[in-house]
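Dear colleague,

My notes on it follow directly after.

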Amino acid sequence: MERPVKAVNRAVNDLGGYIRAQRATAQISLRQLAKRAGVSNPYLSQVERGLRKPSAEILQQIANALRISAEALYVRAGILESRPGGPVVDAILADTELNDRQKQVLLDVYTSFRGENAASGAVPVRDPEPRDEPESRESRDGTAVHEAVRSESEE
């Protein structure tokens, strides 16, 4: 069994690395993020290096400044438990181009689709990619008949 202190230290280091990666993705400096989040440069630097464990309130400020989900930071910090869903949920939560309401709507729709599939026992089948080339079918006499498939933009 892992000692609680080691688990907390690893979560704090993981959180700091995650914040640093999100900051790099957003292409903002440590100083800019600190100013937007309302924290000092040294404090934010210590958070990123895993030397400090920020409060939920500070995490919310950092999430707002990075335009990411506070929930993602809470999970990384060990404040919230990770929700099931895997990479799709993680991708939605990490998307910096969506606001929190949009992320929640996408997660609700995704969860409902998964629930419907689980309830019906259906295995989702991936639709084939749409093609713009002619499709062939067989006519009554056995010869191939080609039909053009029009894209929605042509209609």
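At roughly what angle do the axes of helix α2 and helix α4 cross? The axes of helix α2 (residues 30–37) and helix α4 (residues 56–66) cross at roughly 120 degrees, coming within 8 Å. Angles of 65 to 115 degrees count as roughly perpendicular and those over 145 as roughly antiparallel, and α2 and α4 are therefore oblique to each other. The crossing of these two helices, α2 and α4, is right-handed.

Please bear in mind throughout that this is a predicted model.

**Overall architecture**

The protein chain has 7 helices and 2 strands. In sequence order, the pattern reads α-α-α-α-α-α-α-β-β. The chain has 155 residues, of which 26% count as buried.

**Helix α4 and helix α5**

The axes of α4 and helix α5 (residues 70–77) come within 8 Å, and their crossing angle is roughly 135 degrees. An angle has to be over 145 degrees to count as roughly antiparallel, so α4 and α5 are classed as oblique to each other. The crossing of α4 and α5 is right-handed.

One residue pair deserves mention here. Is Leu 59 buried or exposed? Leu 59 has a relative accessible area of 0%; the limit for buried is under 20%, so Leu 59 is buried.

**Salt bridges**

How many salt bridges does the structure hold? There are 2. As a general point, side chains of opposite charge can pair when their charged atoms come close.

In one of these salt bridges, Glu 48 pairs with Arg 20, and the closest N and O atoms are 3.7 Å apart. Through shared partners, the salt bridges join Arg 20, Arg 23 and Glu 48 into one network.

Arg 23, at 14% relative accessibility, counts as buried. Arg 20, in contrast, has a relative accessibility of 35% and so counts as partly exposed.

**A nonpolar surface patch**

Which residues form a nonpolar patch on the surface? The patch is made up of Val 105, Val 109 and Phe 113, and together these residues have about 260 Å² of accessible area. Val 109 is located in helix α7 (residues 100–120). Because its relative accessibility is 37%, Val 109 counts as partly exposed.

With kind regards

Methods:
Residues numbered from 1 in each chain as written. Predicted model: local features only at pLDDT ≥ 70, side-chain atom pairs only at ≥ 80, totals over all residues. Heavy atoms only, no water. Patch = residues over 30% accessible without salt bridge, like charges linked within 9 Å, V, L, I, M, F, W, Y side chains within 5 Å. Areas by Shrake-Rupley, 256 points an atom, 1.4 Å probe, with all protein chains shown as cover. Salt bridge = Lys/Arg side-chain N within 4 Å of Asp/Glu carboxyl O. Helix = DSSP H or I, 4+ residues; strand = E, 2+ residues; numbered from the N terminus. Buried < 20%, exposed > 50% of the residue type's maximum accessible area, 1.4 Å probe, protein only. Axes fitted to C-alpha atoms, helices over the stretch in contact; angles between N-to-C directions. Parallel < 35°, antiparallel > 145°, perpendicular 65-115°, else oblique. Left-handed = near helix turned anticlockwise from the far one by under 90°.
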